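Student: I would like to go through this structure by question and answer. Please give the cut-offs along the way.

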Amino acid sequence: MELFFSSTGRKVDDPELLEAIRLTIINNLLQYHPESSSQLAMGIAFGVEQPKQVDVDIATHIKVKDDGPDRSLFLVETADRPGLLVDLVKNITDINISVESGEFDTEGLLAKAKFHVSYKGKAISKPLQLVLGNSLRYFLRRPMTEEASF
């Protein structure tokens, strides 16, 4: 699915703007169509009734910056959940990126992770930064399904 600005016809490709649009759509669906809450994939399964309170204001922010010639700094801010740190490292290493060091903090429901990463001993190239950001953005938005539900 691609989004375009209706006034300019320009494609929306900024991940931060896409996340803000996604959260706005979810908020509007919950506010004006509470019956849709049972069909929204938000990481947990809602019942048929509207949830009492849903915190969809925690947007996922992912940034990758060069931190010298031999490594890059990878920053993630997202909603906290059990096993998040292990899942982040697993997803990073699944695309052959080495995690040299990391720092993980939580502030209420917000998780902040900072990793020094490299690819074959060098800083991550711009195309690989995009792959890393997009793959983790996809993973963090994917609803969690328990194995017992199959």
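Student: Is Phe74 buried or exposed?
Tutor: This is a predicted model, in which local features need pLDDT of at least 70, side-chain atom pairs count only at pLDDT 80 or more, and totals for chains, interfaces and linings use all residues. Residues are numbered from 1 along each chain as its sequence is written, and side-chain values use heavy atoms, with hydrogens and water left out. Buried means under 20% relative accessible area, exposed over 50%, and partly exposed in between (1.4 Å probe, protein chains only). Phe74 has a relative accessibility of 0%, so Phe74 is buried.

Student: How many aromatic pairs does the structure hold, and what are the centre distance and plane angle of Phe74 and Phe115?
Tutor: Rings of Phe, Tyr and Trp (its six-membered ring) pair if their centres lie within 6.5 Å; planes under 30 degrees apart count as stacked, over 60 as edge-to-face and the rest as tilted. The structure holds one aromatic pair. Phe74 and Phe115 count as stacked because their centres are 6.3 Å apart and their planes stand at 25 degrees.

Student: What is the order of the strands in the open sheet?
Tutor: Two strands pair if DSSP finds at least two bridges between them. Six bridges join β1 (residues 61–66) to β2, and eight join β2 to β4 (residues 110–118); both pairings are antiparallel. The open sheet of four strands, with antiparallel pairing, has the order β1-β2-β4-β3.

Student: Which residue is the bridge partner of Val64 in β2?
Tutor: Strands β1 and β2 run antiparallel. The partner of Val64 in β2 is Phe74.

Student: Which backbone nitrogen does the side chain of Ser72 reach?
Tutor: Ser72 lies in β2 (residues 72–79) and is buried, with a relative accessible area of 0%. Leaving aside neighbours within four places in sequence, Ser72 is in contact (heavy atoms within 4.5 Å) with residues including Val64, Phe115 and Ile124. The Ser72 side chain reaches, at 2.9 Å, the backbone nitrogen of Ile124.

How values were computed
Helices (H or I, at least four residues) and strands (E, at least two) are DSSP runs, numbered from the N terminus. A polar contact is a pair of N or O atoms within 3.5 Å; within protein, one must be able to donate a hydrogen and the other to accept it, and residues adjacent in sequence count only if both atoms are side-chain atoms.
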